[in-house]
Amino acid sequence: MALRTSKTDLLIIGAGPAGLMAACWASQFVGMSTRIIDQKAERTATGHADGIHSRTLEIFDSFGIVDPVMRRGVHEVEMSYWGVNPKSKELECEQRVRSQPADLSRFGQVLLNQGEVEQVMIDYIEEKGRVAIERNKSAEKIYFTDHPTHPVAVETKSVRTDRMVNVLQDGTSGEHGHAEVTEVIQAQYVVACDGARSLAREQLDVPLETKSTDSTWAVIDIVPITDFPDIRQSCAIHSDKHGSIMTAPRENRLVRFYLQLTGDSDLERKAQEQTEESPDAIVQLVQMIMEPYTLTYEYCDWWSIYPIKQALVTKYQINNRVFLAGDAAHTHSPKAGQGMNVSIQDTYNLVWKIGSVVTGVAEPHILETYEGERHPVAEQLMKMDAKLVKAYEQKGASISQISRIRDGHAGFMSGVEVTYLPSPLIASQHSEPCAKGITVGMRLKSVPVMNHADGSIVQLTSVLSSNGAWRLLVFAGDLGQSKQVARLRAFSQRFDKQPLLSSSKRTIPLNEWHMVLEVILIHAGARTSVKFIDLPELFRPFDEKLGWDYEKIFADDQSYGHASACAYHEYGIREGEGCIILVRPDQHVAMVADIEDVESLESYISQWHTARHIDN
C-alpha cells in the first residue's frame, strides 16, 4: 500500500450531476487548483434522472453546452391528464395543458437520461482541461486539522489497474495487477456531492431530518409497443380500479413509466422482489391501468424499485469549509423531476463563490450565503413534493388535483422563479424600483437585444456567460435625447472616480480575458441615433492588439420590430430615466439602482470585495 499527501484549493467528492456542475464552474478559475474524485469506474450508464427544467437549460446555455442537450433530448411541450369517465367508465383524456407557461423562459423542458446529461458536462470539463475526473477513487474519511490554509483532510482510496505481468505467490503470472493507493488530500474547501449516503454528512455529524412513507414505487424505461394515443407525451393516468401511473417520453423511442406498488397482488409482490421477472410484472401492472389500451415491449433500458423518502439536512455547510450539495443535502420523490435540477443548481450557486474567495476577489464570508440561499429552496421543494406524492397516492384522487398542484408551482418547478433573500450578495429591493419588471434576488430573464456595432440580434443572457465575472447592465434610456446622453456621460465619470469600481473593471484575476466587473450598455431607440465611437470608453474598452471591444454595447432598437426591442418593456424601465442592474456571476440580480446612484453601487460591492484588488 502506497501513502501520499497532497494539497488542493477545492476538492469535489462525487462526479454525478452536482459534482460535474461544480467542476464546470471550477474550470473557469485559473488561479484555483481543483480535484474531483468519484468511486465509480465510469459515469451513469442510463436511467436515473431524466427531466431537465428551464433554469437548468439556462445554466447549460451560460456554459455554451445547451445545444447537445437540446439535440439529444425530447422536448416536453404538453402534458395530458387521463382518468376514468364516471358515466362511460372508460379511460379518457380529461385535460391537455402546456408543460409550463410560455413566458417563464425561452427554454422549456427536455427529457434526457442522466448519463447523457453527465456526458455533456464531462465533455466540457475535458475540453477546458483544467480539472481531471479521478475515477475509482473513494473518500474514506473526512476531518478537520489545524492546518492554517488547508484545514480539511480527506483520506481516499483508489484501485489502480496496471497492465503488467505480476509474479504471484505461487509463481504463476498474470496480466493485470491491482494496488490500493491511499492518499490524504488536504483542501481549503470541500464540496460533498457524494449522494444520499453521504460519507461527509455522516462523519461530520450533520443532522438529517427524515420523513419516510410506506409507499414503494417502480420506475421502468422501455420502448413501448402500444395503441395508447398520448404515448409520446408526458401523462398522468389514473384508474379507479388499479391506481395511477406517470409517463415521460424519452430519447430513442423510450418511455418512462412510474407506478406505485402497494403489494396487494401477486403481480405487485413479484415486481417488488427485484428479480429478472420484475420488468415483466411492472409492465403488466402498467397495462392494467391503461386498459383498454394495450402495452407490450421487447426492449427494457433500465428499471428500479424505490421507497418514497424525504430527507433534508439541517445545515448545508460545516465551518464554512465543507459544503453539502445535491442528494447529500436533500432527497425526495421524483414526481416533479427536481432531483438532478436542484442538485445542479446547488453547486451552480456555490462554486463561483468559492472561486471568488480562493482567487482573492471576495471575502470568505460570502460563502455563508450558500446555506441561506439554497436551504429555503430545498424546504420549499419538500413541501411541494409532499403535495404531489399525496395527490398521486390518494385513493379517489382527482387528476385535476395533480394539475392544480403542478400549475401552482410551475415557476418554482422550472427553477426560474427561485428568489434569494437579501444578504451580502443580494441588496434589498428599492421601495420605488426603477425597473418594475425586475425582482432583486431572482435570475435575470433573457431578452433579445441588438448589437450596436453590427446590428445582430442576440439574447442578453448570452453575453452573461458563466466565467466568474459580475456584470453591471447600464440602461441609459433613449440616447437620441440630449438629457440621457448627459446622464450617461455623468455616470461614466462618476464610475471612474470610485476606487473600487474603476479598479474592479481592470482587474483580471480569473484569466487573461475575463474581468471581475464587466460593464455593459443597453440603450433605447435606434442604434443609428448615436455613433459607437462617441460613446464613453467605459463601454468600449480598447486593447492595443485587439482594438475596440464591440460586444458591450447594445440597443433596444425597434427598427426590426418587437423581437429586438423589448428589454425596456420587459424589465419595466422607463426610456426617459434608465437604471443600472448589477448581475451576479450566476445571473441572479444583486442590485437595481438609479443611474446616478454610483456611490450606492460602490458601497454595496465593498461589503464583499477584497481590498487587495484595489489599485493604489
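**Charged pairs and other local features**

Mentor: The side chains of Glu58 and Arg443 meet in a salt bridge, with N and O 2.9 Å apart, and please keep in mind that this is a predicted model. The pair links distant parts of the chain, since Glu58 lies in helix α2 while Arg443 lies in the loop between α11 (410-414) and β20 (448-451), 385 residues apart.

Trainee: Are Glu58 and Arg443 buried or exposed?

Mentor: Glu58 is buried, and Arg443 is buried as well.

Trainee: OK, and what does Lys445 pair with?

Mentor: Lys445 forms a salt bridge with Glu570, where the closest N and O atoms are 3.3 Å apart. This pair also links distant parts of the chain, with Glu570 in helix α14 (residues 567-571) and Lys445 in the loop between α11 and β20, 125 residues apart. Glu570 counts as partly exposed because its relative accessibility is 33%, and Lys445 is partly exposed too, with a relative accessible area of 23%.

Trainee: Which residues do salt bridges with shared partners join into one network?

Mentor: Arg4, Arg35, Glu134, Lys137 and Glu183 are joined in that way. A search of the whole structure finds 27 salt bridges.

Trainee: Switching to the surface, where is there a patch of negative charge?

Mentor: Glu273, Glu276, Glu277 and Asp280 gather in such a patch on the surface. Glu273 sits in the loop between α6 (266-272) and α7 (278-290), and it counts as exposed because its relative accessibility is 52%, where the cut-off for exposed is over 50%.

Trainee: And what about helix α15, which residues are buried there?

Mentor: In α15, which covers residues 598-605, the buried ones are Val598, Leu601, Glu602, Tyr604 and Ile605. They cover an arc of only 165° around the axis, so they lie on the same side of α15.

Trainee: New topic: which peptide bond is cis?

Mentor: The bond from Glu291 to Pro292 is cis, with omega near 15°, and Pro292 is placed in the loop between α7 and β16 (295-313). Most peptide bonds are trans, and most residues other than glycine have a negative phi.

Trainee: Then which residue other than glycine has a positive phi?

Mentor: Asn136 is one of them, with phi near 55°, and Asn252 also has a positive phi near 55°. Asn136 is found in the loop between β8 (133-134) and β9 (137-144), whereas Asn252 is found in the loop between β14 (243-249) and β15 (255-261). Asn136 counts as partly exposed because its relative accessibility is 32%, while Asn252 counts as exposed because its value is 66%.

Trainee: Last one: how many Å separate the C-alpha atoms of Lys531 and Ala453?

Mentor: They are separated by 8.9 Å, and the two residues are 78 residues apart along the chain. Lys531 is placed in the loop between β23 (517-524) and β24 (542-543), and Lys531 counts as exposed because its relative accessibility is 59%.

Technical notes: Residues are numbered from 1 along each chain as its sequence is written. This is a predicted model: local features need pLDDT of at least 70, side-chain atom pairs count only at pLDDT 80 or more; totals for chains, interfaces and linings use all residues. Side-chain values use heavy atoms; hydrogens and water are left out. Patches are made of residues with over 30% relative accessible area and no salt bridge: like charges are joined within 9 Å, nonpolar side chains (Val, Leu, Ile, Met, Phe, Trp, Tyr) within 5 Å. Accessible areas come from the Shrake-Rupley method with a 1.4 Å probe; for residues, only the protein chains shown count as cover. A salt bridge is a side-chain nitrogen of Lys or Arg within 4 Å of a carboxyl oxygen of Asp or Glu. Lys and Arg count as positive and Asp and Glu as negative; His and the chain ends are not counted. The place of a charge is taken as NZ of Lys, CZ of Arg, CG of Asp or CD of Glu. Helices (H or I, at least four residues) and strands (E, at least two) are DSSP runs, numbered from the N terminus. Buried means under 20% relative accessible area, exposed over 50%, partly exposed in between (1.4 Å probe, protein chains only). The arc is that of the directions from the helix axis to the C-beta atoms.
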